Amino acid sequence: MALGYPSGEFGTVSDAVTRQATRVSTRRGVASPRVDRQKLAQRKTERTCQFATWNVRSLVNEHGPVETASVRGTRKQEDRRIDVVVRELERCHIEVAGLQETRWFGQESYCVGKSVVLSSGRSLPQDGAPLLRGEGVAIVLRGRALKAWKAGGAQWRAVSPRIAVAQLKMSSRHQKPFSLHIIVCYAPTFRSSRPVKNDFFDDLQEVLGKCSGAADKYVLLGDFNARVGSRAQAFDEWTDVRGPAGFGECNDAGKELLSFCSMNNATICNTWFEKKAMFKQSWQHPHTKNWHAIDFVVVHQRDRRLCLDCRVIISADCGSDHRMVCLTFVLDEVRFHHSPPAPNRARYNVSLLRTGPSMPEDQRMATQRRLHLFQESVSSARRRTLLANVLAQLLETWCAYRRITYVRFMANPELGIVGSVAKRLLRTLTRGHFRGSHCV
């Protein structure tokens, strides 16, 4: 007993709540337990992964060694810039991130907390040479992505100071293991020379050529310094490359990027999700103060169905004038297999109804008279009336317990059974058992 309620034939309050929950969750007569939303959210989190691209402008600290030690002041310990970036990635639940303009030297891997940073930058200058920093990209792995990277042999390659690639070995319950290639790039700016741009796209083409296998997937995270705009309403040359939800206008660098993606059957994920302008723009021009979208996430066109969302995270802050662009990507793809076609059912020879040897003579004559009514010589109105009568007899014989429902259904004017036929059906089904508004 609970709360003073009697526990007679109706049971306690907890029993009543259980019966109500079972009744609510019952579908098609089969009782199913209540769905746990926390388990559904956990299952969705296990199947998806968060990717991000972020131009951090610089990870160079003012004092002390840049790539290794923390900056220790006289009074308190200060965090390195990479520590701030990794903390923001953990707060936003980002497992794979591509960083641009790190301005680090060398090609090394560093452990920052529970994350691993794979850095690709300029070669360390010799003694006496000036320290000219520039470009530099990095890949940050944490959580499941870090385990997948180690399971694949911790393979990664620093192609150039502008391109780095890492290989993850992914395994799931619903599909075979596959390789996921993480590519991070930083494209030259508009003022760069043409040879520099050609070298960048040649290196990127070489990397994509090795990652475009039938069983492999890749995610390209980069700052392309280009504006691609949106897909045109009528005809667009890059229909499968960019979507209708882009931002801004397309420039010359954007056309070059679109041509490159079209040649590699790639698509830009930022342009396929309709959002407010504040969740599309990733960089503000320092002089004009206009916002542009120049940071993109690129995947193969066949993998676009695995992209659930792509947006800008406004709350992420590391002192950069760029915003973080996040992609929600499905790793464990559930494929629904259709059941095989049903076997061929037995077919009946209807012609034996006319001249069957085992049919009695009186039944054969009655059958022939009924079949004669549905010949081509009979008008459509007569056929409809006969069919309505047959349906009325069947409903009255086999579906008497749902009489009112079928009366409303058969009397629907949209079905073509109106007028005298509907009235005849109504009188035939009710038989005077229901009066007044109960029959309507």
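The model is predicted. The chain holds 11 helices and 17 strands, and 40% of its 440 residues count as buried. Among contacts in the chain with a separation of 6 or more, 66% are accounted for by residues 24 or more positions apart. The accessible surface of the chain comes to about 27,200 Å², and carbon and sulfur atoms hold 52% of that area.

**Aromatic pairs**

- The count of aromatic pairs comes to five.
- Phe 51 and Phe 329 form an edge-to-face pair, with 5.9 Å from centre to centre and 90° between the planes. This pair links distant parts of the chain, 278 residues apart: Phe 51 belongs to strand β1 (residues 48-55) and Phe 329 to strand β17 (residues 324-330).
- Phe 51 counts as buried because its relative accessibility is 0%, and Phe 329 counts as buried at 1%.
- The ring centres of Trp 104 and Tyr 110 lie 5.4 Å apart with the planes at 85°, so this pair is also edge-to-face. Trp 104 is buried, with a relative accessible area of 3%, and Tyr 110 is buried at 15%.
- Phe 200, Phe 201 and Phe 260 are joined into a cluster by ring pairs.

**Arginine over aromatic rings**

- Arg 311 lies over the face of Phe 279, at 4.3 Å from the ring centre.
- Arg 323 lies over the face of Trp 291, at 4.1 Å from the ring centre.

**Salt bridges**

- The count of salt bridges comes to 13.
- Arg 162 and Glu 135 meet through their side chains in a salt bridge of 3.5 Å, N to O. Arg 162 lies in the loop between β8 and β9 and Glu 135 in the loop between β6 and β7, so the pair ties together parts that are 27 residues apart in sequence.
- Both partners are buried: Arg 162 has a relative accessible area of 14%, and Glu 135 has one of 17%.
- Asp 236 forms a salt bridge with Arg 242, in which the closest N and O atoms are 3.0 Å apart. Asp 236 counts as buried at 7% relative accessibility, and Arg 242 is buried with a relative accessible area of 8%.
- Lys 210 and Glu 206 meet in a salt bridge of 3.7 Å, N to O. Both lie in helix α5 (residues 194-211), four residues apart, about one turn of the helix. Residues three or four places apart point the same way, because an α-helix has 3.6 residues a turn.
- Lys 210 is exposed, with a relative accessible area of 55%, whereas Glu 206 counts as partly exposed at 40%.
- A network of salt bridges links Arg 57, Glu 101, Arg 103 and Asp 321.

**Helix α4**

- In helix α4 (residues 144-151), the residues Ala 145, Leu 146, Ala 148 and Trp 149 are buried. Seen down the axis of α4, the buried residues fall within an arc of 160°, so they line one face of the helix.
- The face of α4 turned away from its buried side carries the exposed residues Lys 147, Lys 150 and Ala 151.
- The cover over the buried residues of α4 includes β4 (96-100), β6 (115-120), β7 (137-141), β8 (156-160) and β9 (163-170).
- Gly 153, which follows α4, has a positive phi, near 95°.

Methods: Residues numbered from 1 in each chain as written. Predicted model: local features only at pLDDT ≥ 70, side-chain atom pairs only at ≥ 80, totals over all residues. Heavy atoms only, no water. Phe/Tyr/Trp six-rings, centres within 6.5 Å; stacked < 30°, edge-to-face > 60°. Helix = DSSP H or I, 4+ residues; strand = E, 2+ residues; numbered from the N terminus. Buried < 20%, exposed > 50% of the residue type's maximum accessible area, 1.4 Å probe, protein only. Lys NZ or Arg CZ within 6 Å of the ring centre and 35° of its normal. Arc of directions from axis to C-beta. Contact = heavy atoms within 4.5 Å. Areas by Shrake-Rupley, 256 points an atom, 1.4 Å probe, with all protein chains shown as cover. Salt bridge = Lys/Arg side-chain N within 4 Å of Asp/Glu carboxyl O.
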